[in-house]
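Please read the model below together with its sequence. The explanation goes from the overall fold to single contacts.

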Amino acid sequence: MNSVCVYCGSGFGGDPAFKEAAVTVGGALGEAGINLVYGGGNVGLMGTVAHAALQAGGHVTGIIPDFLKSRERMLDDIQETVVVGDMHTRKKLMFDRADAFVAMPGGIGTLEELIEQMTWAQLGQHAKPILLLSINGFWDPLLTLLDHMRGHGFLRPGLDPAFLVATDPADVVGMLRDAVAKRAPSPEGEALVRERL
């Protein structure tokens with residue numbers, strides 16, 4: 001596992017534990033020599049996870065659409081910034097550059113990015129690990145919704161998306177490494193995703 005894409009909020013949210021988790025995750029990635037791929041901003045949890053990775057000696061790639069450069073204030077200190085024309089290109093590059101995905105607390109954008117990766121995995125288009133970092137139960141309502149869908153037959157056996165759930169940010173790197181080591185390579189599926197985007 002060479003790189004991890006972290007989805008998270010461009011704000012801090014209402015719980016100080018979210019920022020603490022971003023510091024822990026970014027620092028752990030940097031210390032482990034795992035490249036951070038993220039949305040390129042210098043604000044909120046996004047900026048925090050990137051700063052922490054840099055302070056730990058890590059490599060950071062930020063991918064940001066042109067129209068968000070001023071709103072999310074690009075982080076100039078990172079090693080690589082890719083400015084793209086639209087959100088679709090941003091998400092495709094984030095997918096291409098990552099070996100695994102972590103969804104930290106965030107808003108609609110974070111949720112949308114997470115659900116897209118879960119959908120692609122459900123459809124067999126990739127086998128990259130997806131981890132929900134549920135600090136203080138942040139993702140519990142989503143897990144309840146997935147159970148609700150399962151109960152109504154919309155998440156049927158064989159179509160239920162595979163994902164991990166962590167509650168301690170210190171567990172993230174180890175859980176992802178274990179998942180990458182266990183997964184079967186799926187180059188055909190990943191190539192299909194790139195082709196269709």
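This is a predicted model: local features need pLDDT of at least 70, side-chain atom pairs count only at pLDDT 80 or more; totals for chains, interfaces and linings use all residues.

Residues are numbered from 1 along each chain as its sequence is written, and side-chain values use heavy atoms, with hydrogens and water left out.

The protein chain has 7 helices and 7 strands; these are DSSP runs numbered from the N terminus, with helices being H or I of at least four residues and strands being E of at least two. Along the sequence their order is β-α-β-α-β-β-α-β-α-β-α-β-α-α. Of the 197 residues in the protein chain, 46% are buried, where buried means under 20% relative accessible area, exposed over 50%, and partly exposed in between, with a 1.4 Å probe and protein chains only. Contacts (heavy atoms within 4.5 Å) can be sorted by sequence separation: of those between residues at least 6 apart in sequence, 71% join residues at least 24 apart.

The whole structure contains 5 aromatic pairs. Rings of Phe, Tyr and Trp (its six-membered ring) pair if their centres lie within 6.5 Å; planes under 30 degrees apart count as stacked, over 60 as edge-to-face and the rest as tilted. Phe18 and Phe138 form an edge-to-face pair, because their ring centres are 5.6 Å apart and their planes stand at 85°. Phe18 belongs to helix 1 (residues 16-31) and Phe138 to the loop between strand 6 (130-133) and helix 5 (140-151), so this pair ties together parts that are 120 residues apart in sequence. Phe18 counts as buried, at 9% relative accessibility, whereas Phe138 counts as partly exposed, at 27%.

Another edge-to-face pair is formed by Phe95 and Trp120, with 5.3 Å from centre to centre and 85° between the planes. Phe95 is in helix 3 (residues 87-97) and Trp120 in helix 4 (residues 108-122), and the pair links these distant parts of the chain, 25 residues apart. Together with Tyr7 and Phe101, Phe95 and Trp120 form one aromatic cluster. Lys128 lies over the face of Phe95, 3.8 Å from the ring centre; the criterion is NZ of Lys or CZ of Arg within 6 Å of the ring centre and within 35 degrees of the ring normal.

Two single residues remain. Pro65 is in strand 3 (residues 60-65) and counts as buried, at 0% relative accessibility. Leaving aside residues up to four places away in sequence, Pro65 touches Val84, Asp86, Met87 and Arg90. Pro65 and Val84 are 19 residues apart in sequence, yet their C-alpha atoms are 4.6 Å apart in space.

Asn136 sits in the loop between strand 6 and helix 5, the loop that also holds Phe138. Is Asn136 buried or exposed? At 61% relative accessibility, Asn136 counts as exposed. Its phi is near 50°, a positive value in a residue other than glycine.
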